[in-house]
Amino acid sequence: MTTTNLPEPLLRVKNLVKHFPIKGGLLGRELDRVHAVDGVSFELTAGETLGVVGESGCGKSTTGRCILRLIEPTSGEVWFEGRNVTALDKTELRALARDMQIIFQDPYASLNPRMTVGAIIGEALIIHKLTRTRAEFEARIVELLETVGLSADHMRRFPHEFSGGQRQRIGIARALAVSPKLIVCDEAVSALDVSIQAQVINLLEDLQAKFGLTYIFIAHDLSVVEHISTRIAVMYLGRIVELATANALYTRPLHPYTEALLSAVPIPDPEVKRKRIVLQGDVPSPIHPPTGCHFHTRCPIRQLPLCSTESPALEQAADGHWVACHLRR
Ligand code: SF4
């Protein structure tokens, strides 16, 4: 898939697949497979934010982790600045970690409780030999703390002394330490209160403007990604079902699943009414996803047998607006 009218992409994900084997029995043989990511492709331009949304288990976090190779993809390719990330050896991958970082969902679990904040943020400075003297090391940590709205005296404290929002700021400072180009924000604000979410999103936007960062912003809620995203990819059972600019997706959604997700987003204007679309049933198991269009078991406009037998490809319905639906392209 090529994004028109945009410069050469920073990141290219081509047909990414991740299946997790389910093993059992005395011999530990493979009994089945979880189809977590099932052929995901997209491109990302430097400086943009791609929001990735979908219900839990749709493969959005696994996609983010496969891009960084925190999880090894089953197949497919990831290209970053012209380098094939999926073919890099361990040493090359370590070097690439300077360019691609991740911020995790749970700021409580992702910070080592036995390390001071200075040691947590400084770890990558040591690994990548980014400072030469103790004074330089400490000055850089103070600079990073101040960049994320914390202060120098926080350096010698431990994670448990901070609130959830502050801990997420520490996680952001840790990611920024190596001056990355791309940051995967993996449900980075999902565990925070709504008011704190807004503060952290504002901080991420300020940092993007200041350092020219590119984000993949993963969330399960469309209302969270609306303001930060340049484009949004909606995922369902391991596949992207719609990909468009944030504006097009919110004003002219094409996929019935996106319509259902959007109908659940509260509208601040009480004059504007939106009809709630309640999908029938639960998300099917990714071990045996439905045949054809994965969404056909819950789709309010499905046409059988077409939708249950043929898998719709992600195709461009309008300029830069991609959809995987037999009836909406
Ligand atoms: Fe619904 Fe069919 Fe479109 Fe899938 S392809 S979203 S089942 S109409």
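Let me start with helix α5. It covers residues 164–176, 13 residues in the chain, and reaches 18 Å from first C-alpha to last. That is close to the 18 Å expected at 1.5 Å a residue, where the expected span is 1.5 Å times one less than the number of residues. Helices here are DSSP runs of H or I with at least four residues, strands are E runs of at least two, and both are numbered from the N terminus.

A word on the model. It is predicted, so local features need pLDDT of at least 70 and side-chain atom pairs pLDDT 80 or more, while totals for chains, interfaces and linings use all residues. Residues are numbered from 1 along each chain as its sequence is written, and side-chain values use heavy atoms, without hydrogens and water.

Back to α5. How many of its 13 residues are buried? The count is 11. Buried means under 20% relative accessible area, exposed over 50%, partly exposed in between, with a 1.4 Å probe and protein chains only. Among the buried ones are Arg 167, Gln 168 and Arg 169. The buried residues of α5 pack against β6, α3, α4, β7 and α6, with contact meaning heavy atoms within 4.5 Å.

Now the backbone. Leu 304 to Pro 305 is a cis peptide bond, omega near 10°. Pro 305 sits in the loop between α9 and α10.

Two non-glycine residues have positive phi. Glu 81 is near 45°, in the loop between β4 and β5. Glu 81 is partly exposed, at 38% relative accessible area. Lys 129 is at about 50°, in the loop between α3 and α4. Lys 129 is exposed, at 72%.
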